[in-house]
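Terms get their cut-offs as I reach them.

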Amino acid sequence: MYVYDQYDQKIVDERVSQFRDQTNRFLEGKITEAEFLPLRLQNGLYLQRQAPMLRIAVPYGLLNSLQLRKLADISRKYDKGYAHISTRQNVQLNWPALAEVPDILEELAAVEMHAIQTSGNCIRNTTTDQFAGVACDELEDPRPYCEIIRQWSTLHPEFAFLPRKFKIAVCGTEQDRAAIHHHDIGIELLANAQGEVGLKIIAGGGQGRTPAIGSVICEWLDKKHMLTYLEAILRVYNQHGRRDNKYKARIKILVKAMGVDAFRDAVAAEWTAIKDGPTTLTNEEILRARAFFKLPDYEILDGEVASAQLTEQTVQNPIFGNWIKRNTENHRTPGYRIVTISLKATGFAPGDISAEQLELLADLSDTYSFGEARSTHQQNLVLADVPTACLLEFWERLQAAGLATPNIGYLTDIICCPGGDYCALANAKSLPVAEAIQSRFEDLDYVYDLGPLELNISGCMNACGHHHIGHIGVLGVDKKGQEFYQVCLGGSQAKDASIGKILGPSFQQADMPDVIDTILSTYVALRQEEETFLDTYRRVGIEPFKERVYASAN
Amino acid sequence: MPLLIKNGCITEDTWQPVNQDSGHATHDQVATLEQWQQLADKNGSAVQLKPGESPAALYDYLDQIALVLVNFPAFADGRGFSYARDLRERGYSGELRAGGHFIRDQLTYLKRCGFDAFQLADDKALEDALTSLEDFSEHYQASIDQPLPLFRRR
């Protein structure tokens, strides 16, 4: 993974000092609340219902074991002994004290971490495919480009006060596990007709109040132009994005208002002025970034022998076998598998992880996976390079720590924001809804029979729980001071991107498990052969679901 | 006379404010864009831009203008950062001043975008604000005061 040199370290250290000074001035009353707001947000600090929330950046989801241990330490020392993985692959602490945040940032800087631009109207943490570099279907590892974007976007002088937040995602597969169509800018590494890998640039996607699927702004761009082209897009947005209404301030609204062609022309005009300038990437810089993500020292293993041995173990131990089937993926190197560790056990907030669990994963990553881990936008963790021969002992240690829930990609692997229990923006609680649904569907055979199913829950329109792009989405709404839940169906975050359609009037919290049950039984009754939930929905449309849900509600 | 930070020092402002409602501005005043457009002689002139007023109107006179004042009515409105970079990248070399309600914590960003003068709402805050100009000694991006991005200097 990327390692700081003296420049990176200096920038992060100076940022800590700057924020310490800003916090002191605020506590002394020398900065107003309104002035401190963007300063603290650009350091990831929210003032929430119970306490401040600190969002720590995990650039494109990559963590090493030292960082995992530091996060465990910090969560014990400054918080309540647990942390939360967010849908932007970041880590959140829910209970720090404002006056201690500069100390936390200083501790983070010691392990090459920070909280820069994890909130505020600026360029946020760039995200990517959690299987980057090890996925079988990958054209090229997207992480070097994410790191180049991270550096370019960090403390960018021109783009710190944008109309609204700005999110970029990069992926190196056609399949798209990074939801690039739902970002302000999505980038896909793509080969042109000559086989040269460049960048497809998509802009104007997003979730929130007005969800939109991004439009292709450039079919293929030479990699060396990546930063100047991004800069041109940001310049058009910074100057022309709406600032009169925060719900209409995202780039998706500007792209719609101008029309894709006019937007593309405006970007081209800005780009002409800076194209081939000093910000043009050099070959050396691309190679330098790539060198940090070269393949680890894999052992040369016989993949067939390893598979045969694994099969034997899974036959002898069906519970282990089930976990292998649900939570591990093929790796591009023979004799290794990718493991996803579910943070979606019933009874725990989705994405929450204790200090002890963080430390266990640090140990496991050191022993089995080259000392690295990844966070996912589905709020799980990945150890990407586990030797197949070690999986049984690996699983036994996970099981002992409550980390072996075999539900990756299934109904109970719910994406869920912290919601009204923590977040000051929320209209409704989301965690109790997730737990009620997980509790209702404890029968794993039924859950597996339903096939791949993404159920996403957000506590408000800001859509941190990605409800628009869940196959089933749940949105908390406030109706005259009462919490209600709206359901949408048919969203997809993948290559076949789509935005869910609202089923109808919203429901009370207590009814949600029944409503989900009816939706699922409707699917089971209507599905043909191997159809997934999304396939069936796309074939039959929303009406049959609507009829049954509202008939049984009356 | 009001004070401001110019080229890293606190100095007196020699330009006169303008009556925004008056049809005309004199040559020692910082004219609104509309007033400035009516000036027959733009040599040595001063003009202010509000958010939403494109710097494109100034492109033909960049070698004649002595002062461009970019106004920040609200500090969170960041359009002025792009206006400054645009003007500097097109070769404007006169005084580029930030005015209005920006805050000292934005000074390094403003400076990097090409501003060389800063007029804070509160004169008394200038001394403290000077220290904010030194918040960072290294940057990743190319900027007006450092034309090479870090990756070309590492």
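I took buried to mean under 20% relative accessible area, exposed over 50%, and partly exposed in between (1.4 Å probe, protein chains only). Helices (H or I, at least four residues) and strands (E, at least two) are DSSP runs, numbered from the N terminus.

The model is predicted: local features need pLDDT of at least 70, side-chain atom pairs count only at pLDDT 80 or more, and totals for chains, interfaces and linings use all residues. Residues are numbered from 1 along each chain as its sequence is written, chains are lettered from A in the order in which they are written, and side-chain values use heavy atoms, with hydrogens and water left out.

**Helix α11, chain A**

I looked up helix α11 (residues 318–327) of chain A. Seven of its ten residues are buried, so the helix is largely enclosed by the rest of the structure. Among the buried residues are F320(A), W323(A), I324(A) and R326(A). I then asked what covers the buried residues of α11(A). The cover includes α10 (303–316), β11 (328–330), β12 (336–341), α13 (391–400) and α15 (444–449) of chain A.

**Domains 1 and 4, chain A**

I used the domain assignment (bounds are automatic or from a database). It puts domain 1 at 6–109 and domain 4 at 415–553 of chain A. Their contact (heavy atoms within 4.5 Å) takes ten residues from domain 1 and eleven from domain 4. The C-alpha centres of these two domains lie 33 Å apart.

Buried area is the accessible area (1.4 Å probe) that two parts lose on being put together, summed over both. For domains 1 and 4 of chain A I noted about 880 Å², 50% of it on carbon and sulfur atoms. Q48(A), R49(A) and T87(A) supply 58% of the area that domain 1 buries there.

I checked for salt bridges (a side-chain nitrogen of Lys or Arg within 4 Å of a carboxyl oxygen of Asp or Glu).

**Chain A against chain B**

How many residues of chain A are in contact with chain B? I read 45, against 33 residues of chain B. The buried area is about 3500 Å², of which carbon and sulfur atoms give 55%. In chain A, Y7(A), P157(A) and F161(A) lose the most area, together 20% of what that side buries.

The count between the chains is eight salt bridges. I noted D21(A) with R104(B), at 3.8 Å, N to O. α1(A) gives the most to the side of chain A that touches chain B, with ten residues.
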